[in-house]
2 protein chains.
Amino acid sequence: MADMAGIRFELGARDPHTAARVGRLHTSHGTVTTPAFMPVGTQGTVKAVTPEELVQVGAEIILANTYHLYLRPGAGVIEELGGLHVFMHWDRPLLTDSGGFQVYSLGALRRIEEDGVRFQSHLDGSRHLLTPEQAIEIQERLGADIIMSLDECVPYPATREYAERSMELTLRWAGRGLRARRRKDQALFGIVQGGMYPELRARCADALVELGFEGYAIGGLGVGESKALLDDMVEATTTRLPEDAPRYLMGAGTPEDLVEGVARGVDLFDCVMPTRHGRTGLLFTHEGELHIKHARYARDPAPVDEQCGCETCRHYSRAYLRHLFLAGEILGARLNTIHNLAYYFTVMRQLREAVAAGRLAELRRRFRAERGEGKAPCSG
Amino acid sequence: MADMAGIRFELGARDPHTAARVGRLHTSHGTVTTPAFMPVGTQGTVKAVTPEELVQVGAEIILANTYHLYLRPGAGVIEELGGLHVFMHWDRPLLTDSGGFQVYSLGALRRIEEDGVRFQSHLDGSRHLLTPEQAIEIQERLGADIIMSLDECVPYPATREYAERSMELTLRWAGRGLRARRRKDQALFGIVQGGMYPELRARCADALVELGFEGYAIGGLGVGESKALLDDMVEATTTRLPEDAPRYLMGAGTPEDLVEGVARGVDLFDCVMPTRHGRTGLLFTHEGELHIKHARYARDPAPVDEQCGCETCRHYSRAYLRHLFLAGEILGARLNTIHNLAYYFTVMRQLREAVAAGRLAELRRRFRAERGEGKAPCSG
C-alpha cells in the first residue's frame, strides 16, 4: 500500500502459484477493484452505450483518448465545461492516454523529433506538435484521475538499435512530463517501452521507477507480435516493477490476454475489442466467439450465451440480434456491445475471485479448455 | 364505449369547443391512453432505443412495418419465435401497418392490380404479390394487437377520377381483408382514402363504417399537400366516423399536426419524425427546433430544453450532444432520439390534460405562440 498523488493503491490477496494479485485502486472519483478492465471511450463516449449501462455491466473505470479529444472538441472546451467527467456524464474513475499511441498509428502523417511528435490531424490535415509537456497539460485540462506520459511506440519488428534509441527517447520524455505536471490530484503513469527486447524492457522499467511514477504501464505491445512474445514482454516488465504500484497493460486484449496478463501481475487492461467486435457482430461466449450474422442463428431462440445474465441475454434471442445486425439497426450495436462488455467483466470477476482464492492456475486451465486456445478472432 | 375483437375503446372527456376527446384503448397487451403517439419501429425496433427507454419516455403503443418485416426476417420466422411482441421484447400494445404505404413508396418498383400490389423488394429485387388477404395473413402471423387493411395510397396531386377509382379499389380490398381474417384477438382497422377530395373521403368513410371495422385510419395524407389541406381532409373524415371507434391519422406528423389532429377528433398518431430527426441532429424544444450541429452550441452547457426532464436533458449539455453528433457517435443518435420522443410524449400529455380540462383551444394558442407557426422543419 502506498500513498500517491491522485490515487492510493491497496494490495490485497496474491495467488500463490503466479504473480497475480488483487487490489483496490482508490481515486477521488471512487474505487476500482483490480485486476480491472477499462472500456475505451475514444471520443468521450464508450461507443453505443451510456455511462449507466457501463456501470450496470460492471465497469468501474473507463479510458478516453487524448489525441481525439484534443482535436475535437478541444481540451479548452472540455475544461470550460467542467472537465471530462462532467462533459461525458461519468462521475467515476477515468484514465486518459497521452495521445502517443494514436499519433503513432497515423503512420506517414507523423514524425518523431526530440522535442515531441509532429503530426497532421486525421480530421482536417492541420499540423500539430505534441510535446511531453503539452501531453501533460492537455490531460490536466481534461482532468482524468489517471494520466499518462508521452511515449514513442516502437513498431514491430524493429532492430535492437531502433528499439533502444526509441526507449531512451521515451525515458527523456517521461522525465520532462514529470517536471511539467502541476495538478496534484491526478496520478501520472510512466510507460515502459523497449520493443521485443527483454533487457530493454527491464532497463526502461528500472529507469522509470528511478524517476518515480504513481503507476507503470506496459506499452508497445499488441502491435503484430505473437501471443507468446507479448506474454514474455509483459513478464520481463512486471518482474521489474514495484509491488505497491498499479501496472497497466495498454491495449490488450483478447480474453486470453486478460488471463495471461493477470497471471503475470497486471492490474489494469484496456482494449477496444469488446466494443468494436460488438458493432461488427462478433460476440464472446464462454464457449468461444460467434458471428451473429451467420445463417445458423436465423431461427435461434437462444440467448447469445446461456450462462450470461446481461440485459441482451435476458431479453433477446440470437435470431433477433441477427435480424438487427443484418438490418443495420443501431439497437444491434448497442445490445452486442452490452453483451461483450458483460462477458469481459464476468471474466475479470472470475479472475479476481480465483486470485483471491489462490486458484488462478485452475481457472486458467478451465478457460483454455472451454474456449480453446485458437478461438480468439484476432491477436489484439 | 364498445366491445370489439382484440380491443375495447372507452371514451372519456370531450373538449367543449373542438372535436377532441380523450379515451382509453384496452388491448390484451395493456391499455393506451388516447390521444396517443406511436413511435415507429420499422424493422422491429424503434431506431436507436430499447423498449425500456420507450416506456420511460412515455410510449404506450408502438408501430412496426409489415412490408419490412415480411421481407426480412419474414413473418414465418417471427411467428415461429413467438410473434413480434416476443421477438422484439415489447410486451405492450403494438400495431402493424398493412405494407401498403411502403409499397406505394417504392415508385417504379410496384404496380397496382385488382388482385393486389406487385412489387420488387428494395433489398434484393425479388418479385412479390401482396394481396389484401395476404396482408391480413402476414399481420396475423406477426401478431400485433391492431392490424390494418391493405389500401392504395393516392399520390398527390391526383385527378378526381384517379382518386375515386383508387378509393373504390381500397374499399374492395377492405372487404376482402375483412373476410380473410381469422384471428379474433386482433383489431382490424379500415383505412379511409380519397385523395384531397372531401366528398370521396366522406364516401370512403361511410362505406368502411358500413363494412364494420374495430377502428378507422386516415391514410394518404402527408404526401406533399399543404397543412391546411391536410387538416381539411382530416376533418372531412373524422366527422363521418363513429364516435365510439378509435381514429388513427397515419404518418402525421409535426407537433403542430398532433395538435390540429387532436382538435379534429383523432385518437392515434404515428410518425418517424422524432426518431429520424433525432438521428440527423434536429431537436424539438418548446421554443421550436434546433440543429445541434450549429457552432453556437459548441460551448453551451445548457440542456437541449430547460423545460424537459428526459434522460438526455438531465445529464447532457448541448455542447456534448454537438460533439457526439460531429464525431458520428451512436450515443448521439440515442440521446437525441430519447429527447425528441420525450418532447412528443410531453406534447401528447399536455393535449390530453387540456382536452380533459376543456381547455384545448387555450393550449393550441399557447403552442402556436411559443413555437411559431412556421418553425416546423418539414411538412410531414
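I started in chain B, where strands β9(B) and β10 (residues 117-120) run antiparallel and are joined by three bridges. I was working on a predicted model. I then looked for the partner of B:Arg110 and found that it bridges to B:Phe119 in β10(B).

Next I looked up helix α9 of chain B, residues 227-238. I recorded 12 residues and a reach of 16 Å from the first C-alpha to the last, close to the 16 Å expected at 1.5 Å a residue. Which residues of α9(B) are buried? I listed B:Leu230, B:Met233, B:Val234, B:Ala236, B:Thr237 and B:Thr238. On the helix side I noted α8 (198-211) and α10 (255-263) of chain B. The strands in the list are β13 (187-192), β14 (215-218) and β15 (247-249) of chain B.

I moved to chain A and its domains. The division is into domain 1 (2-271) and domain 2 (278-369). I have their centres, taken over C-alpha atoms, separated by 27 Å. The contact between them uses 25 residues of domain 1 of chain A and 24 residues of domain 2 of chain A. On the domain 1 side, I found at least two residues from each of β3 (21-27), β5 (36-38), α1 (51-57) and α10 (255-263) of chain A. I wrote down α10(A) as the source of the largest share of that side, five residues. By class, I counted 17 nonpolar, four polar and four charged residues on the side of domain 1 of chain A that touches domain 2 of chain A.

My last entry is on the contact between the chains. I found 30 residues of chain B in contact with 30 residues of chain A. Which elements give two or more residues to the chain B side? I noted α3 (75-80), α4 (84-88), α13 (318-326) and α14 (330-356) of chain B. I marked α13(B) as giving the most to the side that touches chain A, with five residues. For the residues of this chain B side, I recorded 17 nonpolar, eight polar and five charged.

Methods
Residues are numbered from 1 along each chain as its sequence is written. Chains are lettered from A and ligands numbered from 1 in the order in which they are written. This is a predicted model: local features need pLDDT of at least 70, side-chain atom pairs count only at pLDDT 80 or more; totals for chains, interfaces and linings use all residues. Two strands pair if DSSP finds at least two bridges between them. Helices (H or I, at least four residues) and strands (E, at least two) are DSSP runs, numbered from the N terminus. Domain bounds come from an automatic or database domain assignment. Two residues are in contact if their C-beta atoms, placed from the backbone, lie within 7 Å. Ala, Val, Leu, Ile, Met, Phe, Trp, Tyr, Cys and Pro count as nonpolar, Asp, Glu, Lys and Arg as charged, and the others, Gly among them, as polar. The expected span of a helix is 1.5 Å times one less than its number of residues. A residue is buried if 20 or more other C-beta atoms lie within 10 Å of its own, exposed if 12 or fewer, and partly exposed in between; C-beta atoms are placed from the backbone.
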